[in-house]
Structures are given as structure tokens and as C-alpha cells.
Amino acid sequence: MALWVPVLGALLMFIVAYLCLPGLFRQRRPQEPPLDKGAVPWLGHAMAFRKNMFEFLKRMQAKHGDVFTLQLGGRYFTFVMDPLSFGPILRDAQRKLDFVQYARELVLKVFGYQALPEDNRMIHSASAKHLMGDGLQELNKSMLHSLSLVMLGPNGRSPDTSCWHEDGLFHFCYNTLFKAGYLSLFGYTKDKEQDLLQAEDLFARFRKFDLLFPRFVYSLLGPQEWLEVGRLQSFFHKRLSVSHSLEKDGISKWISYMLQFLREQGVDAAMQSKFNFMMLWASQGNIGPTSFWALLFLLKHPEAMQAVREEATHVLGEARLEAKQSFVFEFSALQHTPVLDSVLEETLRLASAPTLLRVVHDDNSILKMASGREYLLRRGDIVALFPYLSVQMDPDIHPEPTVFKYNRFLNPNGSRKVDFYKAGTKIHHYTMPWGWGVSICPGRFLALSEMKLFVLLMVTHFDLELVDPNTPVPAVDPKRWGFGTTQPSHDVRFRYRLQPMK
Ligand code: HEM
Ligand SMILES: *[C@@H]1O[C@H](CO)[C@@H](O)[C@H](O)[C@H]1NC(C)=O
Ligand SMILES: *[C@@H]1O[C@H](CO)[C@@H](O)[C@H](O)[C@H]1NC(C)=O
């Protein structure tokens with residue numbers, strides 16, 4: 001027994017040294033960005049970063065300027081904060097930056113999915129076929145159908161839907177869009193009532209996973225939470241298993257195209273289920289929270305609500321819904337809603353806060369800034385962009401950046417505004433809610449279409465109001481910066497009812 005103590009001690013020291021040494025000895029070389037290793041070996045600034053990334057990066061930018069390298073949990077991240085210098089990083093013409101490598105590590109940990117090197121290209125080509133342009137027609141229709149089912153129930157309009165209901169606005173939006181989106185993408189059985197119950201149960205667990213997600217990614221879960229995450233993962237692997245989906249009708253072409261590809265690559269059924277879990281997450285994790293912010297901003301800004309309603313009446317005519325019907329929409333009319341488009345773009349500017357990460361391929365890679373200055377980067381380091389801070393909250397590009405202005409993305413003549421400037425230079429990337437470059441969200445057109453449908457249905461067919469009209473817009477949960485759409489630190493009560501028949 002006593003013999004083991006020194007052996008264990010030595011082993012422990014070895015591990016600690018192994019983890020900390022690279023950090024201890026790393027020094028800034030000439031022409032490298034300022035290096036800030038933080039006070040704690042290996043961890044570096046990880047704790048402050050994870051606690052509130054937005055505030056922390058603001059401090060770092062004030063201290064170091066527009067480029068700096070930070071140690072975060074044993075890895076080195078070079079943050080580029082000047083948006084006029086984003087172009088070469090996002091275009092990456094010489095293929096010196098790698099998105100896939102880091103993403104593969106992450107999806108293995110979070111979803112258990114072992115990605116293939118071709119996945120990124122495959123996902124983007126499946127999406128170009130089925131989530132954009134004319135390919136979107138089918139999902140547009142099935143989304144409208146699913147939203148009707150979820151919002152009105154399996155039998156269409158009934159007296160019950162016309163009573164006032166009270167709910168948390170965040171819960172209502174997330175729940176509604178999750179169920180509709182899940183059913184549209186992953187299909188139905190013959191029993192619609194049962195489908196809705198199953199989708200409801202799926203959402204409850206999805207939300208549990210969602211709440212643990214940021215700390216899971218950062219490896220900060222307690223032992224109980226670890227077990228919980230493991231249980232949730234197995235639940236989703238089982239529920240989304242391909243044997244289940246074979247029994248379903250109307251599974252979207254997007255999903256079936258991708259699963260077909262995996263089968264052709266010899267990926268086994270268990271791994272395909274994990275892929276489904278990853279796609280459920282990618283397709284449903286942001287859409288509900290974004291719709292929440294959109295409706296909340298409309299409820300807090302009556303002039304915006306008024307403008308959206310007027311536009312809707314103008315392009316769609318008076319909303320009408322007879323008994324036992326589902327919603328009807330002319331999709332071609334939905335291409336002419338600049339006011340609603342601006343509301344959604346403004347909402348995404350305020351609410352979408354992803355981090356864009358790229359791993360540096362080679363030593364001495366050159367990072368060229370708009371100022372002409374050049375920095376050297378090391379192999380294995382990560383180039384990171386946080387457009388929420390650098391672009392979306394820049395008062396030079398967007399005056400009064402924290403204020404919701406529904407017409408911020410409208411020209412005076414009512415067309416979409418695309419001209420924005422920083423320091424007098426026209427800026428191409430004036431908001432980046434979908435990321436950019438190789439990892440840009442391939443679902444963005446479907447996402448916009450879903451949110452448009454949902455918001456239009458809510459404002460044209462429903463009466464809705466905040467329970468307390470004076471309730472302020474809640475602060476965002478600071479642990480979610482960097483993970484896509486932010487979430488409120490608490491929910492907001494509201495009530496709604498289907499408008500009485502005229
Ligand atoms: C408001 C809603 C949405 C927002 C704000 C959003 C945002 C994003 C962002 C920022 C990324 C890139 C992450 C990165 O750079 O690593 C991403 C990736 C992705 N999104 Fe979305 N998204 C939304 C909705 C959707 C929907 C509805 C779908 C599909 C139906 C979807 C499918 C995907 C997929 C598959 C990826 C991974 C792409 C890859 O591997 O390169 N997203 N999304
Ligand atoms: C509306 O105004 C913008 C700029 O203010 C201009 O680029 C655009 O051509 C105008 N569109 C029409 C239809 O007049
Ligand atoms: C899908 O719906 C969106 C609006 O919800 C519309 O802008 C788009 O043109 C539609 N696409 C097709 C192919 O119907």
C-alpha cells in the first residue's frame with residue numbers, strides 16, 4: 001500500500017506537468033499577436049471566459065487591441081476583433097484554416113457522433129438541394145402543416161383554441177417550433193395525436209439537454225449531471241434510431257438524403273441515429289429562442305407590431321380561419337414582406353451570438369489585418385471570431401446597438417437596407433447570425449421561412465399580450481454567449497387566444 005503512494009504521486013505530477021508545461025514555457029515570439037496566458041496554469045482565462053464571454057472579451061479588447069492570443073483550457077485561441085479584417089479569414093483562399101477538425105471533436109463529445117471527413121460537404125450539398133431555393137417548397141408546405149397541427153390540434157380550429165391561454169413566452173415559442181420542426185423533418189406516424197404527445201416528451205428532454213449544454217461543452221458538469229447527460233444521449237439515440245424512422249411517413253428529403261449518404265459510406269445504424277441527434281440539435285436549438293426574442297420585441301414595441309400587422313394584411317389580405325380548418329398561406333406572397341424581414345434581421349442581430357472557430361494548419365501562417373499589419377500564427381492554434389461583439393454591437397456600424405429598431409434594415413423607400421459602414425468603409429459582414437464561410441448555417445433559409453410563418457400566424461390569427469406590459473426585456477443568460485442564439489435569464493408570462501371568428 002505505502003509503496004503506491006510515491007508512484008501515484010509521481011504519476012500525478014507527471015500528468016500535471018504534461019498538461020501545464022506547454023503553457024508555462026510558451027512565450028510570445030516576434031510578429032505574433034499579444035499573448036495573454038492568464039494567471040492559472042493550463043486553464044488560463046477559462047473561468048472568466050466561460051462565466052461571461054461577452055464581458056471578458058470586451059476587457060481583453062480594451063487591454064490588447066484588435067488581435068490577441070489567449071490560453072483557454074490548454075489551448076491557444078487568437079481572437080480577431082476587427083471586422084474589416086474578417087474577409088481573408090472567412091474566405092481562406094489558401095485553405096490554411098480548418099473548420100472540420102475542431103467541429104469533429106465537438107460533435108463526438110456532445111452527440112457521440114464520429115464524423116466522416118466528407119460530412120461537411122455532404123451536409124451542405126444536401127441543404128443546397130432541400131433547404132434552399134425551389135427545394136424549399138416541400139418543407140415550406142410541411143412546416144405550415146405541422147404548425148397548424150401543433151397550434152390548433154389534430155382537429156383544426158375548436159372552441160378551446162379560442163379561449164385565453166397563459167404561458168411563458170419563451171417556453172411557448174421553443175415548444176411550438178420544436179414540435180413543428182421535429183415533425184416536419186423527421187416525419188409522422190398514422191396517429192397524429194400520439195405524434196404530438198411524443199414530440200412533447202421529446203421537447204421536455206431536449207430542453208433538459210439544452211440547459212446542461214454550455215457547461216457540458218466546457219466540461220464543467222458535476223457527477224450527477226454527467227450521468228443525466230449520458231441518459232439523455234442514450235434516450236435520443238434510441239428515439240431517433242433509424243429503425244424508428246423507417247416506420248414513419250413524410251420524413252423530409254433533407255434527412256433521408258443524408259442518411260442515404262451515410263449508409264453508402266458503410267456507417268452503421270447506431271451511428272446514423274447519433275447523426276440524427278446532431279441534426280435535431282442543429283435544426284431546433286436556435287429557432288425557438290430566436291422566435292421568442294422576435295415576438296417579445298414586437299410586444300414591447302407597439303409601433304413595430306403595428307407595422308408588421310399592416311404589412312401582413314397588405315400582402316395576405318384579412319386573416320380568416322373557419323372552424324376545423326388549418327392555416328392557409330400563399331407562399332409567393334411571403335417574398336414581399338420587407339418589414340417582417342427587417343424585424344427578423346434586427347432580432348438576429350441582437351440575439352444570435354455564435355463563435356466562429358478555425359484551426360491553423362501550418363506554423364508561421366500569416367494573418368493579414370485590414371491595416372496592412374501582419375501577424376504570425378502557430379500550427380494547432382485556433383483563430384476565433386465573435387461577431388456579436390465585433391460587428392453586431394459596434395456603435396459605428398449600428399448606432400445605439402443595444403436598442404431594437406424594427407426598421408434598421410429598411411431603406412427610406414421601404415426596400416431592404418444592405419449598406420452599412422465602419423470608419424467610412426462599406427462593410428460586407430454587417431451582421432453574422434449564421435456564421436460565415438465554410439461553416440455558414442445551411443438551414444438559414446428554412447429557419448427564416450419557419451420564423452416568418454410562425455410570427456405571421458401569431459400576429460394575424462391570435463390576440464396576444466404580456467401579462468405585465470411593463471415587464472422589462474430580460475437579461476440574457478451570460479453562460480450562453482458563443483453558442484448561437486442567446487436565451488433569457490428568466491421567462492416572460494404572456495397570454496394568447498385564437499381570434500374569435502368574424
Ligand atoms: C434561427 C435559427 C438558426 C440559427 C441562428 C442558426 C445558426 C447557425 C450557426 C451560427 C451555425 C454555424 C456554427 C459554426 O460556425 O460552427 C449553424 C450551423 C448549422 N445549422 Fe443552423 N441556425 C439556425 C437554424 C437552423 C435550421 C432550421 C437548420 C436545419 C433545418 C440548421 C442547420 C444547421 C446545420 C446542419 C449546421 C452545421 C453545418 C456544418 O456542419 O457546417 N440551422 N447554424
Ligand atoms: C431604394 O433606396 C435605395 C437606397 O436608399 C436604393 O439603392 C434603391 O435602388 C431604391 N429602390 C427603389 C425601388 O427605388
Ligand atoms: C418558402 O417560404 C418563404 C417564406 O416563408 C418564401 O420566401 C420562399 O419563397 C418559399 N419558397 C418556396 C420555394 O416556396
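This is a predicted model: local features need pLDDT of at least 70, side-chain atom pairs count only at pLDDT 80 or more; totals for chains, interfaces and linings use all residues.
Ligand 1 has a shell of 24 residues, of which Asn 120, His 124, Ala 282, Ser 439 and Cys 441 come nearest. Several helices contribute to this shell: helix H6 (residues 119–130), helix H13 (269–284), helix H14 (287–300) and helix H18 (444–461) each provide at least two of its residues. Polar contacts to ligand 1 involve both side-chain and backbone atoms of the protein. An N or O atom in the side chain of Ser 439 is 2.8 Å from an oxygen atom of the ligand, and an N or O atom in the side chain of Asn 120 is 2.9 Å from an oxygen atom of ligand 1. For Ala 282, a polar backbone atom is placed 3.3 Å from a nitrogen atom of ligand 1.

A polar side-chain atom of Gln 335 is found 2.7 Å from an oxygen atom of the ligand, and for Ser 449 the separation between a side-chain N or O atom and a ligand oxygen atom is 2.9 Å. On its own, ligand 3 has 360 Å² of accessible area, and the protein covers 83% of this.

Asn 140 belongs to helix H7, which spans residues 136–152. This residue is classed as buried because its relative accessibility, 12%, falls under the 20% limit. Beyond its neighbours within four places in sequence, Asn 140 is in contact with Phe 331, Ser 449 and Leu 453.

Ligand 2 is surrounded by Asn 411, Asn 413 and Ser 415. Within this group, Asn 413 places a polar side-chain atom 2.5 Å from an oxygen atom of the ligand. Ligand 2 taken alone exposes 360 Å², and 30% of that area is buried by the protein.

His 130 lies in helix H6, one of the helices that supply residues to the shell around ligand 1. With a relative accessibility of 15%, His 130 is counted as buried, since the value is under 20%. When residues up to four places away in sequence are set aside, His 130 touches Gly 135, Leu 136, Leu 139, Lys 253, Trp 254 and Tyr 257. Of these, Leu 136 and Leu 139 fall within the residue range of helix H7.

Positive phi values occur at two loop residues that are not glycine, Arg 95 and Glu 400. Arg 95 has a phi of about 55 degrees and is located in the loop between helix H4 (86–91) and strand E4 (97–98). The relative accessibility of Arg 95 is 59%, so this residue counts as exposed, the limit being over 50%. For Glu 400, phi is near 45 degrees. Glu 400 is part of the loop that lies between helix H17 (387–392) and strand E10 (421–422).

Terms used:
Residues are numbered from 1 along each chain as its sequence is written. Chains are lettered from A and ligands numbered from 1 in the order in which they are written. Side-chain values use heavy atoms; hydrogens and water are left out. Helices (H or I, at least four residues) and strands (E, at least two) are DSSP runs, numbered from the N terminus. Buried means under 20% relative accessible area, exposed over 50%, partly exposed in between (1.4 Å probe, protein chains only). Contact means heavy atoms within 4.5 Å. A polar contact is a pair of N or O atoms within 3.5 Å; within protein, one must be able to donate a hydrogen and the other to accept it, and residues adjacent in sequence count only if both atoms are side-chain atoms. Accessible areas come from the Shrake-Rupley method with a 1.4 Å probe; for residues, only the protein chains shown count as cover. A residue is near a molecule or strand if one of its heavy atoms lies within 4 Å of it.
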